[in-house]
Amino acid sequence: MKTIDYPSFNETLHTFYIQDRLKVILIEKPYFHKTYVSLSTPLGALNTGYLDSEGKPQTVPKGIAHFLEHKIFEQDGQDISRQFALQEANINAYTEYTRTTYLFHSTNHLYDNIERLITMFFHPKFSEEGVEKEKNIILEELNMHLDDPYYRQYHTLLNGLYHHHPIKYDILGTKESIKAIDKSALNAMHEAYYRPEDSVLVVIGDFDVEALYQQLQLISLPKPTLMQPWQAAINEPIESVISAKTLKEDVLLPSLLIGIKLNTEQPLSPYQRIKFHLSFSIYMDLRFGKSSDFYEWLLDEKLINDAYGLDISLEKEYGYVLIGSETPNPETLYEALVEHLLNPTIKRSHIDDFNRVKKHLLGSFVMSLDSLEFVAHETSRLALDNLYIYDVIDIAQSITFEDVIAQEKHFVKAALSSVITEPKNDAQ
Amino acid sequence: MQLTTYQHNHTVYQYITSKQFKSRVLTIRFLSDLNNVNPTERHIMINMLKAKNAKTKTRKAQSKHLESLYDSMLYTHASKLGTQHVLQITFLFIDDTYTIEKNLLNEVLYFLKTTLYEPLFDQQSLDEEKQFLKDYFKAEYTNKTRYAQKQYIKHLYKDYPYKTHALGDEQKIDQITLDDITKCYDEMMQESRIFISFLSNNDPKRIHPLISNTINLNSVNDSFTPLIKYNFKPLDTVKETLDVSQNRLFMTLKSDVYMKDKNYFTMLVFNAMLGEGSDSLLFKTIREDASLAYYVYSSYSPFTGLVTMTCGMHSDNVEQGKILMLDVVNRLKSGDFTEEDLELAKTHLLTNIKQGYDHPISLSLKALRYALFDIPFEEETLIHELETVTKESVLKLASDIRLIFTYELGGAHENH
């Protein structure tokens, strides 16, 4: 077991492998009442196929990663979450584009609950009846989202940005693809992707590290499988599909969402990707954040309200930035945002702002360490790249003003798309 | 973790001492009778207070200042708590063990003092906040789950004071003037019941003089009733039509058990068994067994004694859903549940209670509930109260529970 102390944050991390296969990260959090445990696999909504036992690529219906996430809780037709609950653990799961995570937080019986989680994760037992019953539940989940115009605006934007990349598809799939999922496809995808070698177990809380380390050595892991992960090559051009689209929705306020694909020109190492993400975040904060001149101008011009926000997504497989707001005048806001995006204004005189934003990054990072959910999420995300959450702040501190200015080059007008949502004529 | 309470100028100061967190949280709450205030003005005023002040005269300057304090966060919030309308100012900041500059608490207190005593109420800020609030009300319609919830509340409480929206009334926004804001501010500062909490690892004895002398607020000293019991009458079913993918259904149960009642903890267990979480009977029956819905749950309001069961399902399934939901209630009333169901509900609540001590911001609400309603702050006392709940006590309580209202939104779709 390797132990790393982070005295600047008063935190300690331990890492080891169970049977040289499953990576485990333990983080000590003295005085916390709950222990937070997550187990992640790099199967996300982007993965739409696998290699079968003969090495042939097989495609599966969209939404299968999310469907699996729902059905893992089933053991021979029985929902296993009750067993967790009886031992003071609340279990849940979520699917992202690049991974699926199962988690629980418990106040007792830590080892028993971890053992149950690992068994559930690696050894589910699907039934035909259970799979069929789940379809209606997931269709209702999709229906719930489809009643949210901003959800539709976001997905319309991704479809306007991406030609071929599977990020354009809803994590839940479509009504048709959900209905097409069956037990054999679930089993195949599970076998291909839920492998100890690709997964990571994260445990955070106030517990006896040495005792847990010893207990975890006894965990039984599944035998290696013949199925393998597979992803069709994606040849995504930098240009967007469509520059602008307007939706007529049952809303009372117009809104605008702009997206722009990020092109890093060459593949980045995990370290470079984090540095790029942080430098880019600082750049966007300086130019579009709430302490920027531009934000003040947008407010003065009454082009935005307090729903204004920006979001940066950067993974190995894709990268984009979103900016949006409710607005009485989406066309004018569009013109203003695009002009500001494409005409860099950062000057050397902004160095004080840069130093302030770095302070703000440090503060928000340290305070976020109080959230076990955040620490677990980031730890398992970074673990897939062999980095730890505490490395992030060191990378942030190494960023120079020049690194930030260099981010200007990432905006290309052709990579931009936008969606305006306008009230339908008969909206209430 | 320890709670220490002092009073200074009738203001209640609650110090939550813990070594657990890297954040510090200072919360100031101004309470006034819901019946005697204009929530619209109060919501706008507290947000203007947050936006800028005499020293940081623009929103931009305010944001820059907060960023320079290591991303300190200033939140303002208006809410309802029993008979009270609550204006809340929360300041979240980093423990200066982790920063180069060390006197962060002094800087924060100075900033809070400026925020409280040197407001900058100008026309621009008023116009912006009025527009934000108008947009907020309009945006409630965008998300149909949120809109259904709003409509449900409107119909359910239409004859009761609880119908007041914590953020006020959309129709009253345009009438508000700067004079109204100034008057509203003066009333908040001079006529409120004030509760302050501070979460840190500092010794309360040492920091209380600094905090109380800096903030130095005078609270009114009166006895007040934070909770009033209403005799909610049964209402006619309401169904509103809207073109949605999924109908939203709400069913209201009346319990007559309120926060300070002796069977309050039994009521918590009843609700947990009914529909709180994925191990509840509603979840198992409606979602897992019948596959009718993605979400279904119940929530208990200790300020009204009402329990709301809610779910989203296709219009074709709503009638079956209603029958099954009432079946679950009847199962609880007739004792058709196992000791394991009861144990599961208690364990669920016990886990939630323990985990509630892990969230810096929720701790100040725990402290306020202790001050107002005598709900114990200590984990052990709460757990002991839960352990005393038996199947017999749940059955006795359940026998008085009855359905008083059903609300549904949707119904226009035919295709699945």
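1. How many residues does the contact take from chain A and from chain B? In this predicted model, the contact takes 51 residues from chain A and 55 residues from chain B. On the chain A side, at least two residues each are supplied by α2 (81-86), α4 (128-146), α5 (149-161), α10 (293-300) and α12 (351-368) of chain A. Of these, α12(A) gives the most, with nine residues. Sorted by class, the side of chain A that touches chain B comprises 21 nonpolar, 13 polar and 17 charged residues.

2. On confidence, the model scores ipTM 0.91 and pTM 0.93. For chain B the mean pLDDT is 93, and 99% of its residues reach 70 or more.

3. Chain A contains 15 helices and 17 strands. Its radius of gyration is 23 Å, close to the 22 Å that the globule rule gives for 428 residues, so chain A is as compact as a globular protein of that length. Taken along the principal axes, the C-alpha atoms of chain A fill a box of roughly 60 × 55 × 45 Å. Buried residues account for 43% of the 428 residues of chain A. Among the contacts in chain A with a separation of 6 or more, 81% join residues 24 or more positions apart.

4. Chain A is divided into domain 1 (2-229) and domain 2 (245-423). The C-alpha centres of these two domains of chain A lie 28 Å apart. Where the domains meet, 32 residues of domain 1 of chain A are in contact with 28 residues of domain 2 of chain A. The side of domain 1 of chain A that touches domain 2 of chain A draws at least two residues from each of β2 (11-18), β3 (22-28), β4 (35-41), β10 (100-106), α5 and β11 (200-205) of chain A. The element that gives the most to this side is α5(A), with eight residues. The residues of this side of domain 1 of chain A divide into 18 nonpolar, nine polar and five charged.

5. F276(A) is found in helix α9 (residues 270-288) of chain A. Is F276(A) buried or exposed? F276(A) has 21 C-beta neighbours inside 10 Å; the cut-off for a buried residue is 20 or more, and F276(A) therefore counts as buried. F276(A) and Q407(A) are 131 residues apart along the chain, and their C-alpha atoms are separated by 8.2 Å.

6. The second residue, L221(A), lies in the loop between α8 (209-216) and β12 (228-229) of chain A. With 17 other C-beta atoms within 10 Å, L221(A) is partly exposed. Leaving aside neighbours within four places in sequence, L221(A) is in contact with I18(A), Q19(A), R21(A), L22(A), F122(A) and P196(A).

7. Chain B contains 14 helices and eleven strands. The radius of gyration of chain B is 23 Å, close to the 22 Å that the globule rule gives for 416 residues, so chain B is as compact as a globular protein of that length. Along the principal axes, the C-alpha trace of chain B spans about 60 × 50 × 40 Å. Of the 416 residues in chain B, 47% are buried. Residues 24 or more positions apart make up 79% of the contacts in chain B with a separation of 6 or more.

8. Chain B is divided into domain 1 (2-215) and domain 2 (238-409). The centres of these domains of chain B, taken over C-alpha atoms, are separated by 30 Å. The contact takes 22 residues from domain 1 of chain B and 22 residues from domain 2 of chain B. On the domain 1 side, β2 (11-17), β3 (23-33), α5 (144-156) and β6 (193-200) of chain B each supply at least two residues. The largest share of this side, seven residues, comes from α5(B). By class, this side of domain 1 of chain B has eleven nonpolar, nine polar and two charged residues.

9. After α7(B) comes N216(B), whose phi is positive, near 50 degrees.

Definitions and conventions. Residues are numbered from 1 along each chain as its sequence is written. Chains are lettered from A and ligands numbered from 1 in the order in which they are written. This is a predicted model: local features need pLDDT of at least 70, side-chain atom pairs count only at pLDDT 80 or more; totals for chains, interfaces and linings use all residues. Helices (H or I, at least four residues) and strands (E, at least two) are DSSP runs, numbered from the N terminus. The radius of gyration is taken over C-alpha atoms; the globule rule is 2.2 Å times the number of residues to the power 0.38. A residue is buried if 20 or more other C-beta atoms lie within 10 Å of its own, exposed if 12 or fewer, and partly exposed in between; C-beta atoms are placed from the backbone. Two residues are in contact if their C-beta atoms, placed from the backbone, lie within 7 Å. Ala, Val, Leu, Ile, Met, Phe, Trp, Tyr, Cys and Pro count as nonpolar, Asp, Glu, Lys and Arg as charged, and the others, Gly among them, as polar. pLDDT is the predictor's confidence in each residue, from 0 to 100. Domain bounds come from an automatic or database domain assignment.
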